Amino acid sequence: VRALEERVAALLGKEAALFVSSGSMGNQLAIAVQTQHGDEVVVGEGAHPVFYEAGAGPALSGVQFAVAGSGGLFDAEQMEAAVKPRAYYTPRTSLVCVENTHNRAGGRVFPQRDAEAIAARAHVLGLRVHLDGARLWNAATKTGLSERELAAPFDTVSVCFSKGLGAPVGSAFVSTRANVERARRFRKMWGGGMRQSGILAAGALYALEHNRARLREDHENARRFAELVGKASGLRVDLGGVETNIVNVDTDGPVEPITNVVRALGLLINASGPNRLCAVTHLDV
């Protein structure tokens, strides 16, 4: 576990890392260590902490969320517009979360210029900035920027080993030593202090060292899939939005009949809305 934590901290250019069970826990630790009850957190539309983490932000840290921009992306001006004025009757905005790549937006890469501007402006305003980097490895593959460069503007980062990298389980919370030690206490409090976890960390470390270079294959497969499906009657794909390994497919009618057919053929594609399918390419494809 220590070898994994040291490796991922060095890779992201941060002081320390904490091995955790999931990306949701990594994000929630970032919220817990950088907010107080009654605070507000600025996020992009469809952000993972809002949509996929079972209401953990309000339940565990007592925060609420404000949405900036649209489609998961936003810039510094939109972020600042979402920040509440300082008054006793408004929630205190204390944290901004950026998701890169953005899940519900179809694996879109968050523009680094915007990320840097958001972080710089947020720090001037006295806010902290978190990077939900579950698929940061995909963003690095797409942009040619290193993970260290992508993570540099942020106070805290969460990364996942069990998505594109293919490890059986595991994520990491990465930040300063002080934040990591505080997060360690929350992890224990929330029941996430894993025992005999070296075998899990070994899989994550192997994935980190051996599976990053092959992510380009996933991106190429996603593009091929998107181009083929986009030609089908009754289906639409925004090819301009297919940047990494996630493809959103919009349908003219309900998605359930389609998912039933493709599942019977052994193709696992989930519905992400009443008229939207989400396909993800990975190392097992």
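This is a predicted model: local features need pLDDT of at least 70, side-chain atom pairs count only at pLDDT 80 or more; totals for chains, interfaces and linings use all residues.
User: What is the strand order in the open sheet of four strands?
Analyst: Strands of a sheet pair through backbone hydrogen bonds, either parallel or antiparallel. Here the pairing is antiparallel. The edge strands, each pairing on one side only, are β8 (235-236) and β10 (270-273). Put together, the order reads β8-β9-β11-β10.

User: Which residue in β9 is the bridge partner of Arg236?
Analyst: Let's look at how β8 meets β9, the strand of residues 246-251. They pair in the antiparallel sense over two bridges. In β9, the partner of Arg236 is Asp250.

User: Zooming out, how compact is the protein chain for its 285 residues?
Analyst: The chain holds 12 helices and 11 strands. Its radius of gyration is 19 Å, close to the 19 Å from the globule rule, so the chain is as compact as a globular protein of that length.

User: What share of the 285 residues is buried?
Analyst: Buried means under 20% relative accessible area. The chain's accessible surface comes to about 13100 Å², with 53% of that belonging to carbon and sulfur atoms. As for the residues themselves, the buried share is 50%.

Technical notes:
Residues are numbered from 1 along each chain as its sequence is written. Side-chain values use heavy atoms; hydrogens and water are left out. Two strands pair if DSSP finds at least two bridges between them. The radius of gyration is taken over C-alpha atoms; the globule rule is 2.2 Å times the number of residues to the power 0.38. Buried means under 20% relative accessible area, exposed over 50%, partly exposed in between (1.4 Å probe, protein chains only). Accessible areas come from the Shrake-Rupley method with a 1.4 Å probe; for residues, only the protein chains shown count as cover.
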